[in-house]
Amino acid sequence: MSEHILVAVAWPYANGSLHLGHIAGAYLPADIFARYHRLKGNKVLMVSGSDQHGTPITLRAEQENKSPQEIVSKYHKEFLDCWQKLGISFDLFTTTGTPNHTQVAHDIFLKLLDRGYIYKDAVPQAYCPQCQRFLPDRYVEGTCPYCQFPQARGDQCDECGRTMNPSDLLDLRCRICSTPPRFEVSEHFFLRLIAFENRLKTWIKKQAHWRQNVLNFTLGFLEGGLKDRAITRDIDWGVTVPQPGFEHKRIYVWFEAVIGYFSASKEWAKSHGGDTAWQPFWSGKAKSFYFIGKDNIPFHTLIWPAMLMGYENLNLPYDVPANEFLTIEGKRLSTSRNWAVWLPDYLQRYDPDPLRYLLSVNMPETGDTDFSWREFLRRNNDELVATYGNLAHRVLTFAYRNFDGVVPNPGEFDSQSRELLGKAEEALEDVDRLLYRCRFKEGIKTAMSLAQEANRYLDDKAPWKTIKEDRQASATAIYVALSVLSALKTVLYPFLPFSSERLHSYLGFGGNIEAGGWRFQSPAPGQKLPSPEPLFHKLDESIVAEETSRLGT
Ligand SMILES: [Zn+2]
Ligand SMILES: [Zn+2]
């Protein structure tokens, strides 16, 4: 029976280009997962959007002397272009700037207020006498009281990952002018997180299937004790507060951005079968998976679940497979120092599948991993091209040329052929099991080892030699190899969709690859084969020096 799978993916701030850290952290694993489930015949809803509010946007706008909307529109367009080129297959990628999002955020706000989970309080707020304005948390900098990191922000310390209030910081200063701010009283709404502490503890204890790093981080956060958090602030860019007297304040971005998963599902529903089409993804047996980077764990394992507990009878996250970080050439990624590989740059120069391949085999699932151009070159040339691409190309070309452009009729299978076909069948089962549990790295390695087996088989059978003295033996070996390629295009499709689609048509299959489902299907003898092109291309050694010279400049 088919399942309903909600693939909820982190909302990128529309204040700058995407880089490989974003892709390895959330977007690629989410896409692999969504494609896998679609192939399995499950109902998938994969949503996200540009986070267009918050101080990362206004800070950027001030730096560039533009309006926040100009910044947001520019990057939202760029994101959409990147998703299409990299093959990140969202069902909907919207923004937090829609009337629908405001409406859903207001609804949640008002329900929580009505139920006593949101309350009003007067609080001292950082005010910069030099800039003559209230300072949102990200406009305040100081030393982290927990780990002594000197550049902690008012909302979170990037070093130890703790969330905090500006008043927790030591050596406070205004990020714009470095003046120490003073605190002035301002009225704000708060989320009563404490009210959910026990329910969250009970719920978290049941999530034995979560990744250990996610579980540990969440438990550590809970042990520190939950604190109520302000959900409004003195700023004029964001979702309005549906309460009188708050016309010049806005809902805090952390509170409304997580609501985006839900509002985007509702937006998607309107164009897919009506206003209630979102419901099967948010209730009953549906499972929801939240793909995020590790810096976002508490928002998805504690705060969003608390908001959901207080709102309606909607499903809590089933899993939060948060990834760790990707370093670049052995160093921590830094956008301000341009120590990053920008996705639009990559996509301008290279094909999408080689990047998807490298980031899959090297995914930061349980610990940080590194991206280097040297490894990119090696994985492309030695693995994608040499192990998989050449296998496909020589079998397809040979079949096309020597068997009149059709799949040849096999003779009887010997034990070696039966064994390889059995391994192809097994690979489908193994990768299925691994992807279901979000184990992407192991999944792609298992898939690639089938390609290695097929290469060994062909080396033994040498159909290019036997064609002269034993045409039937050659036909059988090629038929077996074409069958294994058919299994490979299926198990590799979630990771390498572009080359898999092409392989699907080179094998003579019609229609769309997802319609074929997650099953082992040998091409039918006599099935017409089109003239094939290579799936991948060897890259030149010189790209390593060329690309690394762009870093940090
Ligand atoms: Zn810290
Ligand atoms: Zn200032």
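How are the donor residues of the zinc ion (ligand 1) spaced in sequence? They follow the pattern C-x2-C-x9-C-x2-C.

## About the model

This is a predicted model, in which local features need pLDDT of at least 70, side-chain atom pairs count only at pLDDT 80 or more, and totals for chains, interfaces and linings use all residues. Residues are numbered from 1 along each chain as its sequence is written, chains are lettered from A and ligands numbered from 1 in the order in which they are written, and side-chain values use heavy atoms, with hydrogens and water left out.

Let's start with the zinc ion (ligand 1). Its coordinating atoms are the SG atoms of Cys 144, Cys 147, Cys 157 and Cys 160, at 2.3 Å. Donors here are N, O and S atoms within 2.8 Å of the metal (3.2 Å for Na, K and Ca), and sites may look incomplete as water is not among the atoms. The arrangement is tetrahedral because the 4 donor atoms subtend angles of 105 to 117°; for four donors, that label asks for all angles between 85 and 135 degrees. Cys 144 counts as buried at 0% relative accessibility, whereas Cys 147 is partly exposed at 29%. Buried means under 20% relative accessible area, exposed over 50%, and partly exposed in between (1.4 Å probe, protein chains only).

The zinc ion (ligand 2) has Cys 128, Cys 131, Cys 174 and Cys 177 as its protein donors, each through SG, at 2.2 to 2.4 Å. Its site is tetrahedral too, with angles of 104 to 113° among the 4 donor atoms. Along the chain, these donors are spaced C-x2-C-x42-C-x2-C. Cys 128 is buried at 0%, and Cys 131 is partly exposed at 25%.

## Nonpolar cores

A nonpolar core is a set of buried Ala, Val, Leu, Ile, Met, Phe, Trp, Tyr and Cys residues joined through side-chain atoms within 4.5 Å. The largest one has 177 residues, and Phe 255, Trp 282 and Phe 371 have the most contacts inside it. A second, separate core of 13 residues includes Leu 59, Cys 128, Ala 152 and Met 164.

Thr 327 sits in strand 14 (residues 326-328) and is buried, with a relative accessible area of 19%. Strands are DSSP runs of E with at least two residues, helices are runs of H or I with at least four, and both are numbered from the N terminus. The side chains of Thr 327 and Asp 370 are joined by a polar contact of 2.7 Å. Such a contact is a pair of N or O atoms within 3.5 Å; within protein, one must be able to donate a hydrogen and the other to accept it, and residues adjacent in sequence count only if both atoms are side-chain atoms. Beyond four places in sequence, Thr 327 also touches Arg 332, Thr 369 and Phe 371.

Gln 207 lies in the loop between helix 5 (197-205) and helix 6 (212-223), and is buried at 7% relative accessibility. Its side chain reaches the backbone oxygen of Trp 203 at 2.9 Å. Apart from neighbours within four places in sequence, Gln 207 contacts Leu 215 and Tyr 318.

Notes:
Tetrahedral: all angles 85-135°; square planar, octahedral: opposite > 155°, others 65-115°. Contact = heavy atoms within 4.5 Å.
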